Amino acid sequence: MTTIVVFSHLRWDFVFQRPQHLLSRLAQHYPILFVEEPEYDDGAPFMQRSSPAPNVTVCRAHTPIHGAGFHDEQLRLLQPMVAQLAPPGEDVIAWFYTPMALPLLQALQPSLVVYDCMDELASFKNPPKQLLQRESALLNTADLVFAGGPSLYEAKKNRHPSVHCFPSSVDVVHFQQALDRERVHPQQADIPHPRLGFYGVLDERFDPELVGEVADAHPEWQIVLAGPVVKIDPERLPKRANIHYLGQQPYTALPDLLAGWDVCLMPFAINEATKFISPTKVLEYMAAQLPIVSTPIADVANPYGHVVAIASSAQEFIAACEAALAQTPEQRRHMVEAMLAVVAATSWDNTAKRMAELLESAPPRAGAAADAGINAGTSAGAAGVAPAAGVVRVAMPGAAGAAAASGTAAAAAKAAPRRA
């Protein structure tokens, strides 16, 4: 049996997106250990485990350290806990969504290292200072690199010999539930039409000024925004009588939202944070067969410009929304035909299957993890921990045991084939 140990900067219970789609499907073939960033806890360190999906275990360390994310100060506590995650003697595939967790590779003896690059994290607001250096080390260490869209593929293809483009995909069956336009989401049931909607994270990639201009241009339009506010001041968000903030929504509720919308919006800012994004929602909107208006995001405009209205200014965006609301039956029929052709060509099931084939066909590792420049210069060690009722805790070994585990894992990575 082979276990996939995933290191993620995104929590499993955050917005349901690429990691959850792929890993819940790969879990049909591999046990998944999803290692999240640690959470502050002023008690003794422990690893909390939960199982949000079949064969998926979410592992969240609790530590008395305030350093955010996979901070260097966290590593000495995390390494021995990570070393205990996979069953003894089991093959391990190490799967990274964030390069910041790379030093934790010392706690494993992986038969394969995968970097699923879904975002250019260095372009986001306030990136960790070590991020670029650590990504270079991860690219030198990884056996396979998956790029989350064409733009990311172009940025990484010359930095690694085995880069594969796997753009965002879609669960068509789930989102075609929205074709039943009688479905009702309770939070928008009393909002009149026309409704123009967006769901997703409201962060530095979101353009609040554009949304404000759209709302001002047509006070009769109702702008529905569903998603958590992250890394930006909520006061920056436009406040209008016709703008409605619904907060983060569960994945299961998204078809209910879409069923009640007239136009789907993608009001992304054009900045460094959006230069490489490949929004999952564009295909989800298409599966719901609703008109889409977007700003000129490269991975939207290039492959989908024949289906999605691309607008470069507020005036163009407003005009595109007006045209979407005024579509004739013939225009809508042509739009739906084009959307069906796009979504028929992709699925998360097929993407996960192709990734699994690459995992199985990749040659076993021969290099040493220590040679990749991943040593963070930390020492592992902490006191043992007693379990608490209702929480699964993994006790940390003492300093001697932790040091031994770290030293062993820093040796040559296990060169054995993966077992199905």
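Tutor: Helix α6 passes helix α10 in a right-handed crossing, a term used when the near helix is turned clockwise from the far one by less than a right angle, anticlockwise being left-handed. The model is predicted, so that local features need pLDDT of at least 70 and side-chain atom pairs count only at pLDDT 80 or more, while totals for chains, interfaces and linings use all residues. Residues are numbered from 1 along each chain as its sequence is written, and side-chain values use heavy atoms, with hydrogens and water left out.

The two helices, α6 with residues 208–217 and α10 with residues 314–325, pack at an angle of about 50°, and their axes are 10 Å apart. That angle makes α6 oblique to α10, since under 35 degrees counts as roughly parallel, over 145 as roughly antiparallel, 65 to 115 as roughly perpendicular and the rest as oblique. The axes are lines fitted to C-alpha atoms over the stretch in contact, with angles from 0 to 180 degrees between N-to-C directions, and the helices are DSSP runs (H or I, at least four residues; strands are E, at least two) numbered from the N terminus.

From α6, the contact (heavy atoms within 4.5 Å) draws on Leu210, Glu213, Val214 and Ala217, and from α10 on Ala314, Gln315, Phe317 and Ile318. Six of the residues in this contact of α6 with α10 are nonpolar, one is polar and one is charged; Ala, Val, Leu, Ile, Met, Phe, Trp, Tyr, Cys and Pro count as nonpolar, Asp, Glu, Lys and Arg as charged, and the others, Gly among them, as polar.

Another pair can be set beside this one. Helix α1 (residues 18–26) and helix α12 (residues 348–361) pack at about 65°, with their axes 9 Å apart, and the crossing of α1 and α12 is right-handed. Here α1 contributes Arg18, His21, Leu22, Arg25 and Leu26, while α12 contributes Trp348, Asp349, Thr351, Ala352, Met355 and Ala356. The residues of this contact of α1 with α12 divide into six nonpolar, two polar and three charged.

Two backbone details lie in loops. Proline 194, in the loop between α5 (172–175) and β10 (195–199), is joined to histidine 193 by a cis peptide bond with omega near 0°. Asparagine 55, in the loop between β4 (46–53) and β5 (56–63), has a positive phi of about 65° although it is not a glycine.
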